[in-house]
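Keep the sequence and the structure in view while reading.

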Amino acid sequence: MSDTPFGFGLPPEEPEDGDEGKKKGPAEGGQGAGGNPFGGFGGMPGGGDNPFAAMFGSLNPTDLGAAFQQLGQMLSYEGGPVNWDMAKQIARQTVSQGTPDGTKDASVGPAERAAVEEAVRLADLWLDGVTSLPSGASTAVAWSRAEWVEATLPAWQQLVDPVAEQVGAAMGNVLPEEMQAMAGPLIGMMRSMGGAMFGQQIGQAVGVLAGEVVGSTDVGLPLGPAGKAALLPLNVAAFGRDLGVPQDEVRLYLALREAAHQRLFAHVPWLRSHLFGAVEGYAGGIKVDTSKLEDAVGGLDPSNPEQLQEALQQGMFQPEDTPEQKAALARLETALALVEGWVDAVVHEAAKTRLTSAGALRETLRRRRASGGPAEQTFATLIGLELRPRRLRDASRLWASLTDARGVDGRDGLWAHPDMLPTASDLDDPDGFVHREHLDFTELDKMLGEAAGRDERDQGEDDSDK
């Protein structure tokens with residue numbers, strides 16, 4: 001897993017060869033190697049890979065206006081709170097650099113595509129016997145890392161934009177109120193700069209994540225297009241390299257997890273919006289600590305260009321300590337645990353008698369999810385939220401117990417409506433939930449139907465009397 005957290009971290013040191021190093025193109029280790037989206041500032045004094053150094057380094061205060069003007073031209077983006085074009089560019093550049101183990105991205109060949117398609121087909125066949133939800137994968141695809149970036153960026157945009165919107169507004173409010181009326185262009189430029197900063201950081205995080213994920217649902221959210229069960233053969237091979245498990249078994253087990261996620265998201269129509277809405281609801285209760293921005297901007301020293309980034313790196317987001325915010329967090333954590341727990345339980349039931357390594361693979365993936373990675377760090381730094389199912393084991397045990405007590409249909413029937421699902425307190429007392437007298441909605445539907453029929457008959461009688 002990556003040790004690089006998402007956020008406004010310090011950039012790498014400048015190259016030792018001075019200006020010559022700064023002027024290198026992407027092929028020579030310049031923008032492409034350093035991940036510098038602000039390549040246009042490479043030749044400025046103090047440029048390096050740091051956009052703030054490009055603005056302020058080695059500049060006299062009288063030159064700051066010219067630097068800001070050039071930055072404003074560079075960051076003329078006028079879209080939403082995140083420059084997603086930049087995010088995509090940085091993610092692709094990060095992917096092209098390869099992973100720390102030296103593995104470079106590569107196009108997926110016909111043999112690998114065929115192997116993924118066969119694994120998903122067999123996985124769906126096995127899942128038919130352990131869940132009442134039908135197949136949710138209309139197609140099976142094998143992606144390169146770059147293809148994963150392209151396919152998942154729309155979902156990241158939906159998740160990140162609500163938070164970035166607050167940051168953009170905060171960056172425009174760091175100036176004293178009496179100065180804001182005179183500083184309209186500067187405020188707009190700061191918001192553009194914020195969009196660029198977010199674009200750079202999100203792009204880097206997504207690019208790193210592309211080197212680790214094995215499918216489109218690794219973080220418990222449907223990041224890819226609906227109906228596409230996806231695996232990344234290069235990352236699947238890396239995941240299974242040191243496990244001592246045949247590659248075919250590793251691929252099939254991961255295909256089972258991907259196909260199980262696809263069934264859940266395809267046939268529980270409210271689930272996607274429920275999860276994304278829970279993220280947005282939690283983000284809505286986050287307040288931006290503008291004091292850090294105010295301190296950084298108010299005491300900005302042009303000779304210390306890292307000052308602002310150091311302030312940002314310390315974190316600007318503080319959850320509101322309110323009952324509503326705590327409830328939003330509990331809803332999201334419980335929803336993630338229930339999704340991951342259901343997949344864990346269903347996949348284990350399908351694989352335990354067919355794959356000799358099913359137990360070992362299950363435990364490896366549980367620990368992998370628990371340890372976290374770039375996706376979890378992304379949200380932890382952004383909004384203090386980790387996309388990590390803290391109670392995966394509790395949820396998995398609850399779903400397994402429900403299978404024993406109510407059967408497959410009774411267990412999967414709970415996904416019919418969010419109000420029927422176990423709550424956080426139910427994870428504390430799974431036996432109590434499993435053996436609790438559950439509502440019979442068929443009887444309620446019958447009563448409502450009879451009542452509707454009586455109303456229609458009464459209305460008909462009234463009409464005939466007129």
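H10 passes H11 in a right-handed crossing; a crossing is right-handed if the near helix is turned clockwise from the far one by less than a right angle, and left-handed if anticlockwise. The model is predicted, so local features need pLDDT of at least 70 and side-chain atom pairs count only at pLDDT 80 or more, while totals for chains, interfaces and linings use all residues. Residues are numbered from 1 along each chain as its sequence is written, and side-chain values use heavy atoms, with hydrogens and water left out.

**Overall make-up**

- The protein has 21 helices and four strands, which are DSSP runs numbered from the N terminus (helices: H or I, at least four residues; strands: E, at least two).
- Of its 466 residues, 49% count as buried (under 20% relative accessible area, 1.4 Å probe, protein chains only).

**Helices H10 and H11**

- The axes of H10 (residues 233-240) and H11 (residues 247-267) come within 10 Å and cross at roughly 115°; axes are lines fitted to C-alpha atoms over the stretch in contact, and angles run from 0 to 180 degrees between N-to-C directions.
- Val236, Ala237, Phe239 and Gly240 of H10 meet Gln247, Val250, Arg251 and Leu254 of H11, where contact means heavy atoms within 4.5 Å.
- These residues divide into five nonpolar, two polar and one charged (Ala, Val, Leu, Ile, Met, Phe, Trp, Tyr, Cys and Pro are nonpolar; Asp, Glu, Lys and Arg are charged; the others, Gly among them, are polar).

**Helices H12 and H15**

- The axes of H12 (residues 271-284) and H15 (residues 323-351) come within 9 Å and cross at roughly 145°, and this crossing is left-handed.
- By class, the contact of H12 with H15 has 11 nonpolar, three polar and no charged residues.

**Aromatic rings**

- A search of the whole structure finds two aromatic pairs; rings of Phe, Tyr and Trp (its six-membered ring) pair if their centres lie within 6.5 Å, and planes under 30 degrees apart count as stacked, over 60 as edge-to-face and the rest as tilted.
- The rings of Trp399 and Trp415 are stacked, because their centres are 5.3 Å apart and their planes at 15°.
- Trp399 lies in helix H18 and Trp415 in the loop between H18 and H19, so the pair ties together parts that are 16 residues apart in sequence.
- Both Trp399 and Trp415 are buried.
- Ring pairs link Trp270, Trp399 and Trp415 into a cluster.

**Charges over rings**

- Arg272 lies over the face of Phe276, at 4.6 Å from the ring centre (CZ of Arg or NZ of Lys within 6 Å of the centre and within 35 degrees of the ring normal).
- Arg406 lies over the face of Phe433, at 5.6 Å from the ring centre.

Technical notes
Buried means under 20% relative accessible area, exposed over 50%, partly exposed in between (1.4 Å probe, protein chains only).
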